[in-house]
Amino acid sequence: MYCLQCLIPVLLIPKPTNPALMQTHVMFIVLYLIGFFLERKPCTICSLVFLAAVFLICNSGVGNCLFWGNCEGHSCDNG
C-alpha cells in the first residue's frame, strides 16, 4: 500500500469555486494521474483501491466528484 501515499492527496485537492477554472482543474488532475501511473506504475491493489475511492466519492452526492463540477440542472456560464 506504499503506492497510495501519492494518490490519496489527489482526493483532498479542493475544487475551484469559479466554474471557469473547472476545466483547468480537471486537466491538472487527469494529467497528474496519467503521469503518476506511467512513472510510478502502482500495484494492481493500490490502483483498484484508488479507483474504488474515486468511484465512491463521485457517487456519494452531487458536486463531490473530482472530475466535474456541480452544474447539473443549471448552466455554468461565467456571467
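View 1. Cys-6 is in no disulfide, and the nearest cysteine sulfur to its own, that of Cys-3, lies 9.2 Å away. With a relative accessibility of 19%, Cys-6 counts as buried, because the cut-off for that class is under 20% relative accessible area. Cys-43 is likewise in no disulfide, although the sulfur of Cys-46, the nearest from another cysteine, is 3.2 Å away; a pair counts as a disulfide within 2.5 Å. Cys-43 has a relative accessible area of 34% and is therefore partly exposed.

View 2. Helix H2 consists of 19 residues and reaches 27 Å from its first C-alpha to its last, which is close to the 27 Å expected at 1.5 Å a residue. Which residues of H2 are buried? They are Met-22, His-25, Val-26, Ile-29, Leu-33 and Phe-36, and, seen down the axis of H2, the buried residues fall within an arc of 100°, so they line one face of the helix. In an α-helix there are 3.6 residues a turn, so residues three or four places apart point the same way. On the other side of H2, the residues Gln-23, Thr-24, Met-27, Leu-31, Leu-38 and Glu-39 are exposed. The cover over the buried residues of H2 includes H1 and H3. After H2 comes Lys-41, which has a positive phi, near 50°.

**View 3. The largest nonpolar core and the contacts of Leu-4.** This core has 13 residues, of which Leu-4, Leu-7, Val-10, Leu-33, Phe-50 and Val-54 touch the most other members. Helices H1 (8–12), H2 (22–40) and H3 (44–59) each supply at least two residues of the core, and the largest share, four residues, comes from H3. Leu-33, named here among the core residues that touch the most other members, is also one of the buried residues of H2. Leaving aside residues up to four places away in sequence, Leu-4 touches Pro-9, Cys-46, Val-49 and Phe-50.

View 4. An unreviewed UniProt entry lists residues 20–38 and 45–69 under "transmembrane region". Over residues 20–38, the predicted chain is 89% helix and 0% strand, with the end C-alpha atoms 29 Å apart.

Technical notes. Residues are numbered from 1 along each chain as its sequence is written. This is a predicted model: local features need pLDDT of at least 70, side-chain atom pairs count only at pLDDT 80 or more; totals for chains, interfaces and linings use all residues. Side-chain values use heavy atoms; hydrogens and water are left out. UniProt positions are given in the numbering used here, feature names are shortened, and annotations may be inferred rather than shown by experiment. A nonpolar core is a set of buried Ala, Val, Leu, Ile, Met, Phe, Trp, Tyr and Cys residues joined through side-chain atoms within 4.5 Å. Buried means under 20% relative accessible area, exposed over 50%, partly exposed in between (1.4 Å probe, protein chains only). Contact means heavy atoms within 4.5 Å. The expected span of a helix is 1.5 Å times one less than its number of residues. The arc is that of the directions from the helix axis to the C-beta atoms.
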